[in-house]
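Dear colleague,

I am passing on the structure we spoke about, together with some notes on its pockets. Please look through it first, and then read on for what was found.

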Amino acid sequence: MSLTGLTLDHWRTLDRDTATRCAEEAAHRVDGRFVRLDAAPHLGGAPHRALIERAGDTYALIPGGTVTVGFDPEAWQPLPEQLASYREESLAGGFGFDEDPRDHLARVMSPRRTATLPAVLMAVRAAPLPGAPDLVPGLLAERGLRLPSPEEWEHACGAGATTLFHWGDAYPSDTVPYGTAGTGPHRLPNALGLRVAFDVYDSAELTSDPRSVYGGDGGEAACGGYGTFLEWLPLATAHRSRSMADLLDDQEDEEACAYVTARPVIDLS
């Protein structure tokens, strides 16, 4: 089997032994070590999560293929609690948001689109930036690594799920999208084994497009008191934080850089 042509749909059909052989081949190609194959009981997720260690870091095998990413606000049906939060907290707060939450989501979510992606290895955990944002691609390249494209990031986060968040459409009502208190699906590895979009303050990530920062907003909505739904929204798979991208445009804004991370990718070709 060609690993570079390994699709998510095909990965889902593999038995455990075949999936293990694929993961071992991926590890061999990058001079890494196959760690384990886990089951992934996540909505819309693949049945396997393959983890590989290389140079002291742990990576997940991310199948590719022709995938659909992004978000269609017109097709979205907000849950009652989401609509109530938007109307009673976000709009009532006088922040100047659009009257229709679909219009707001059209502004902050990436558009629905298709892309053809190769299978890659992606770090299970994003790491602090190794330098100023504009230097990160070069610094990663020196180690044989790169940043994910926006499409790769969304695909790896959502793992084929069409829901708002990588775990489903609803956010847990008994916790908050930041800090370590409480439990919730955002604190668990996603369907492909990534620790991703778990804390609006700490899990914002760079991609190869400087204007596409995913996984968090540096706490803007939570600090601003925008309402529960908008506090959680930065963890949505297709949410792009324009404010974080604006802050990162200032290469000397060290405080902004402290809120953003980078998730290395290893090509398998």
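A pocket here is an open set of points on a 1 Å grid over the protein atoms alone, with protein on both sides within 12 Å along at least five of seven lines, and its volume is the space filled by probe spheres set on those points. Please bear in mind that this is a predicted model.

Two or more lining residues come from each of α4 (101-108), α7 (220-224) and α9 (242-248), with α4 giving the most, namely three residues. By class, this lining divides into seven nonpolar, four polar and five charged residues.

The largest pocket holds about 480 Å³ of space. It is lined by 30 residues, among which Thr68, Arg112, Gly160, Ala161 and Thr162 are the closest to its centre. The elements that contribute two or more residues to this lining are α1 (8-13), β4 (65-69) and α6 (150-158), and of the elements it is the strand β4 that gives the most, with five residues. In the lining of the largest pocket there are 13 polar residues, beside 11 nonpolar and six charged ones.

With best wishes

Terms used:
Residues are numbered from 1 along each chain as its sequence is written. This is a predicted model: local features need pLDDT of at least 70, side-chain atom pairs count only at pLDDT 80 or more; totals for chains, interfaces and linings use all residues. Side-chain values use heavy atoms; hydrogens and water are left out. On a 1 Å grid over the protein atoms alone, a cavity is a set of points where a 1.4 Å probe fits but cannot get out, and a pocket is an open set with protein on both sides within 12 Å along at least five of seven lines; lining residues have an atom within 4 Å of a point. Helices (H or I, at least four residues) and strands (E, at least two) are DSSP runs, numbered from the N terminus. Ala, Val, Leu, Ile, Met, Phe, Trp, Tyr, Cys and Pro count as nonpolar, Asp, Glu, Lys and Arg as charged, and the others, Gly among them, as polar.
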